[in-house]
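Thanks, everyone, for making the time.

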Amino acid sequence: MDQGGSPQSNTSSNQVAAQQIGVAPIPTTAPIPSPQPIIRPTIATPANVPTTPNVAPGPKSPALLENPLSRPPIPHAPSADSAADEHPTLSSATDDLSILTAESGQPAATSQIDARIKTILTQKSHMSEQDLHRAEHFALTHRITLLDYAVSQNLISKDDLGQALAQSFGIGYADLEKYQPTKQQIGRIPPEIGQQCRAFVFREDKQSVIVATDRPSDPALVPQLQSVIPGKTVTLAYAMPDDIEPLLVYYRKPLVTRFTQIISQQQRVAPEIIDEIIKDAIAYKVSDIHIEPEETVVVIRFRIDGLLQEAGQLPKQYYDNILNRLKVQAHMRIDEHGSSQDGAIRYVVDEQPVDIRISIVPTLDGEKVALRLLAEYSRNLSFKNLGLNVLDLKIINDQAHRPFGMIITTGPTGSGKTTTLYALLKILNKPDINVTTIEDPVEYKIFGVNQIQVNARTDLTFSQGLRTIVRQDPDIILVGEIRDTETAKLAVNAALTGHLLLSTFHANDAATAIPRLIDMGVEPFLLASTLNVVIAQRLVRTIHDACRGSYEVSLDELKFKLPAAEHYFKTPKVTLYYGRGCEACNFTGFKGRTAIYELLNITPAIKELILHNPSTEQIWQLARREGARSLFEDGLDKVQTGRTTLEELLRVAEPK
Ligand SMILES: [Zn+2]
């Protein structure tokens, strides 16, 4: 249930993975090492790989569990007093399989992968032949692989996917999300090589080393790794790109160190510095980069998980060149220094394009640059991973599958409300359904969805766009935001005439949305008959799994932070959690974010109330009686299960 900390497999990386398949023969020069507990018995052993006679197929033999390597340590593992053992999300290493041995020595073609995906879909995801057929047709007509379709629709688990891909390479699967390499293991491969090969030591014993990588088809990989790990046999295992990516930061030196190197070489200083900044930003899943000139230095700050952090500094003498280069790339005027300018850059990092919106404003110390990264990681969410509790999940799911009505998410800017709608769209987007959106901006392409961009210059506003969309006979419409009377009325009308309409609305809590929409001129009886559910949300940072700790606090102490503590906690002592801070989380103790929610399900009783032009309080009181929980209460659940800290919750939500 993580948003940023443990990203789900995303479409682009799967595409990468899928493209790699069948590129080159896998190096199988190195034999698979002696049997280890984590290696699942092979199905069909290729001729050039020694068999593993004492590993019997079927259930794991007890002897295997005794090997210490079967329980690889989690890096920076919390100490004994922490919640590590009780906490459900901190899955302690089990004897569960992490490596599936080779099925064949040859790489599979995409069609073979699709064949495996089909098997998984029918056998594990229980998809009917008919649904499978429709999915294949959809994939074909949208020119995507069945794999991409399955992933986007959450039809396949990450584990199954990883194993299917590993099998197609003819090697084992390393679940790097579950079994992260230790500091010592990371140190086994020199940083430059590790970064270049996207490789981490996964297992090691006296004779052999298993290295996990997401690029196993590169024939140079094994010789290169063998040269830096002499005396042992190197074998590759496949790891998902999404698991490799966050670990690569371990191989990166601090920005300032690299700036110094670049400057000392005195060649192409500006482009290289920009390159390093953007690569770092992507590695740390940054949403915004701020480049701020001060009197003598330029400060680079990153927004990570919603908060700004300093990433590095530069001597100011290089700033003009950097600024000019950015302006040229964004097609801005380089001779303009006195007014603000906006532009866009498409940057390619590791063959992946990243769209960046750039804004430059003059300040006293020079022109300040803000870059917004429209990277996929910012929208890379599945519905199940939003952080919704089971009951809320069911309500939203039920309401979203009604043929018409309105689903509205509310919250301030940056509360993830659009992300929730995107995740909903992903599950609603089916081959036989037409989904059209009007957005500002279109930040993330969803295949099979017609996405329209608001354009002020051509008068294509939300309301204008919505008018046009309705004529195009869609089933589901997403309107980026309802912010004026005209859009509000059009949205209600669209919902009334048989469309499912999703939108965001600026309101502090769920109940407030109703009187505000009525104030905007929407007739109460129309609102009552169209509104399905209003979702209020906020984002909280999640405690870094690898460095989570816990402490006990008495109810009296707790009252300093939370005066109504007794109302929420029924025991004299309360266990709370925090992040100790480690390298992997930049010593913040947090990694990734999750949302907290407040749901206003429009039940028949609430519909009836809406007709009488109710106040926010009246709506919320009734919703309460019908079982609604506040943002704060939902957040407290996440505090008590160690997902986030009490301080973090209090930062974004008030007790209600
Ligand atoms: Zn940490």
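Predicted model: local features only at pLDDT ≥ 70, side-chain atom pairs only at ≥ 80, totals over all residues.

**Helix packing and sheets**

Residues are numbered from 1 along each chain as its sequence is written. Helices (H or I, at least four residues) and strands (E, at least two) are DSSP runs, numbered from the N terminus.

Staying with H11, which spans residues 255-265, we find Leu255, Phe259 and Ile262 buried, where buried means that 20 or more other C-beta atoms lie within 10 Å of the residue's own, exposed means 12 or fewer, partly exposed is in between, and C-beta atoms are placed from the backbone. These three cover an arc of only 65° around the axis, which puts them on the same side of H11; the arc is that of the directions from the helix axis to the C-beta atoms. On the other side of H11, Thr257, Gln261, Ser264 and Gln265 are exposed. The cover over the buried residues of H11 includes H12, strand S8 (297-304) and strand S9 (307-315).

That brings us to H12, residues 269-283, whose axis comes within 8 Å of the axis of helix H13 (residues 319-329), the two crossing at roughly 70°. That makes H12 roughly perpendicular to H13, given that angles under 35 degrees count as roughly parallel, over 145 as roughly antiparallel, 65 to 115 as roughly perpendicular and the rest as oblique. The axes are lines fitted to C-alpha atoms, for helices over the stretch in contact, with angles running from 0 to 180 degrees between N-to-C directions. Which residues in H12 and H13 meet? From H12 they are Val269, Ala270, Pro271, Ile273 and Ile274, and from H13 they are Asn321, Ile322, Arg325 and Leu326, with contact meaning that the C-beta atoms, placed from the backbone, lie within 7 Å.

Now to a sheet. Four strands form an open sheet in the order S3-S6-S5-S4, and the pairing is mixed; two strands pair if DSSP finds at least two bridges between them. The edge strands, each pairing on one side only, are S3 (172-173) and S4 (199-204). Within the sheet, S5 (residues 208-213) and S6 (residues 233-238) pair in the parallel sense over six bridges, and Val209 stands opposite Val234 in S6.

Helix H9 (residues 221-228) lies across S4, S5 and S6, running at about 130° to S6. Its buried residues include Leu221, Val222 and Leu225. Seen down the axis of H9, the buried residues fall within an arc of 90°, so they line one face of the helix, whereas the face turned away from that buried side carries the exposed residues Pro223 and Ser227.

Finally, consider strand S18 (residues 531-543), where 13 of the 13 residues are buried, so the strand is largely enclosed by the rest of the structure. Five bridges join S13 (residues 405-410) to S18, and these two strands run parallel, with Ile408 opposite Val534 in S18. S18 also pairs with S21 (residues 590-601), here in the antiparallel sense over 10 bridges.

How values were computed: Contact = placed C-beta atoms within 7 Å.
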